Amino acid sequence: MTMSTDSEIYDCIVVGSGTAGAVIARELSRSGQKVLILERGPYIPLKETLWTLGSMFNEVPVADKLKDARVYAAGGSSAMFMAVMDEPPIDAYRALGIDLQPAYDAMRLQVPLAEMADALMSPQAHRVREAALALGYDWKKKLMLIDQSKCSGVYSYEAKWKALSFVDEAVRLGAVLKCQALTERVLIENGRAVGVECRIKKEAVKFRAERVIVCAGSLATPLLLRGSGLQHVAAGGYYIDPSFTLFGRVPGLGGVDSFCGTMETTLEEGIVLKDANVHKLPFRMFMLQYMQISRMFAYPESIGVTVMAHDEVGGGLSADGRYNKTLDAAVFDKLAHGEQAARAILERAGAGDIFKAPMFSGGALGTLRVGSDVDARLETSVRDLYVCDGSLIPENGRVAPTLTLLCLAKYLADILTQTRHLPAEAEAVPA
Ligand SMILES: Cc1cc2nc3c(=O)[nH]c(=O)nc-3n(C[C@H](O)[C@H](O)[C@H](O)COP(=O)(O)OP(=O)(O)OC[C@H]3O[C@@H](n4cnc5c(N)ncnc54)[C@H](O)[C@@H]3O)c2cc1C
């Protein structure tokens, strides 16, 4: 294999162009820095077709037989997300020495963030809401990352915010985007990150920069750090919030293509019930996968509720690069409790023929720790090597991660624009 070195020296290399990487690349480009974005996936103009989504979809085993879904493409996993948001866990980050509030104040002005208007909610979502409220559940609206002015009463893929729009903006501002560029190693000299080694097609290429920011996603980033010599990282386990969905049928409901997850309730600490009225394309894909062929054609009369429970933090990353975790017994009790409530809601909504779909990972997050793997500036034990992605969502601040990542990335970008290099003796990072 040939090895070449790019002659340019960038201010900053961003590895991964998902939610966090896109924000950082855009912010640093805005501030005039010379930014290189390295993305392992292709650049695909986003359309919600089976072929497009299938070509970027990737899964990683994370616990028992469960796999976590992610996207390999410019813009990362937001190409496929449901756009359901949670407020960032400001207090959990504050306890770690990170103040996300200014970043949150800034970011909420830059993205379309609001609860879904009643008029844009589907008959399925209304039906589930009425039933949940009638049973006394506090069935509340979620924030959605959707430009509702682009919606006309039914689901619209185009209306959802996507990180690719920020990647495109970074490129317009001068960032260099290299796709199908798999970063294999961070180059470290004298305890300092000086660039990365990347595989582009069959060629190995070295890129050099003043700073490297790894935003490869919660499962890829620990692997990349370990592969770069930071063997001590990701020693604290992770969580996956196992979940499953109950689907039922309400004859004559007249459902339309629906935004999923617009409402939810916390049943008790660590058990959440969510609207699962997903739009038609994934609904049909799920039913095919579950061999529920007759349901595939019964979308207008189908309603659903997802049960999600918090598992204990545990498991780890083995020396051969595999994630492994055994779910604790308590989480199954929580899921069983949630199932009873979800069934009651569906029955109250008039649904029959209830089907429980297989369990899935609700998101493998928190693989790294602020305090041991990175400091409060998100810098690792290697100077000028930073991390920002779903690996840093803390266990006591579990949220739908996207809005938090928008803020965490803005927080880091502000640090990187305000402070160029600290003197070497100011290094204050755990080993
Ligand atoms: C089906 C689905 C539905 C979801 N729904 C929601 C939701 O409703 N609300 C919510 O908040 N979140 C949701 N999420 C989760 C959310 O999309 C992700 O948590 C979030 O996008 C993570 O952002 P990130 O920046 O950490 O990583 P990602 O967005 O995954 O980006 C990482 C990027 O790094 C690239 N990469 C990886 N390794 C390398 C490497 N070695 N070299 C170069 N590039 C690399 C990847 O190709 C990818 O583009 C959903 C996810 C999925 C899959």
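In the predicted model, Glu 115 has Leu 143 of β8 as its bridge partner. This pair belongs to the contact between β6 and β8, the latter spanning residues 143-144, where 2 bridges join the two strands in an antiparallel arrangement. The strands are part of an open sheet of 3 strands, ordered β5-β8-β6, with antiparallel pairing. At its edges stand β5 and β6 (114-115), each of which pairs on one side only. In general, the strands of a sheet are paired through hydrogen bonds of the backbone, in either a parallel or an antiparallel manner.

Contacts between the domains involve 21 residues of domain 1 and 22 residues of domain 2. On the side of domain 1 that touches domain 2, two or more residues are given by each of β3 (57-63), β4, β5 and α7. The largest share of this side, 4 residues, is contributed by β3. Classified by residue type, the side of domain 1 that touches domain 2 holds 14 nonpolar, 2 polar and 5 charged residues.

The ligand is surrounded by 41 residues, of which Gly 16, Gly 18, Gly 76, Met 82 and Asp 389 are the closest. Several elements supply at least two residues each to the shell around the ligand, namely the helices α1 (19-30), α7 (220-227) and α11 (401-418) and the strands β4 (66-71), β5 (84-85) and β10 (181-189). In composition, the shell around the ligand consists of 21 nonpolar, 16 polar and 4 charged residues.

Asp 99 is located in the loop between α3 (90-94) and α4 (101-107). Because 12 other C-beta atoms lie within 10 Å, Asp 99 is classed as exposed. Although Asp 99 and Leu 408 are 309 residues apart along the chain, a distance of 9.2 Å separates their C-alpha atoms.

Positive phi values occur at two residues that are not glycine, Lys 201 and Leu 378. Lys 201, with phi near 55°, is found in the loop that connects β11 (192-200) and β12 (203-214). Lys 201 counts as exposed because it has 8 C-beta neighbours inside 10 Å. For Leu 378, phi is about 65°, and the residue lies in the loop between β19 (352-356) and β20 (385-387). Leu 378 has 25 C-beta neighbours inside 10 Å and therefore counts as buried.

Regarding confidence, the chain has an average pLDDT of 95, and 97% of the residues score at least 70. Over residues 422-431, however, pLDDT stays under 50. For this segment, the model has 10 contacts beyond four places in sequence.

Definitions and conventions: Residues are numbered from 1 along each chain as its sequence is written. This is a predicted model: local features need pLDDT of at least 70, side-chain atom pairs count only at pLDDT 80 or more; totals for chains, interfaces and linings use all residues. A residue is near a molecule or strand if its C-beta atom, placed from the backbone, lies within 6 Å of it. Ala, Val, Leu, Ile, Met, Phe, Trp, Tyr, Cys and Pro count as nonpolar, Asp, Glu, Lys and Arg as charged, and the others, Gly among them, as polar. pLDDT is the predictor's confidence in each residue, from 0 to 100. Two residues are in contact if their C-beta atoms, placed from the backbone, lie within 7 Å. Two strands pair if DSSP finds at least two bridges between them. A residue is buried if 20 or more other C-beta atoms lie within 10 Å of its own, exposed if 12 or fewer, and partly exposed in between; C-beta atoms are placed from the backbone.
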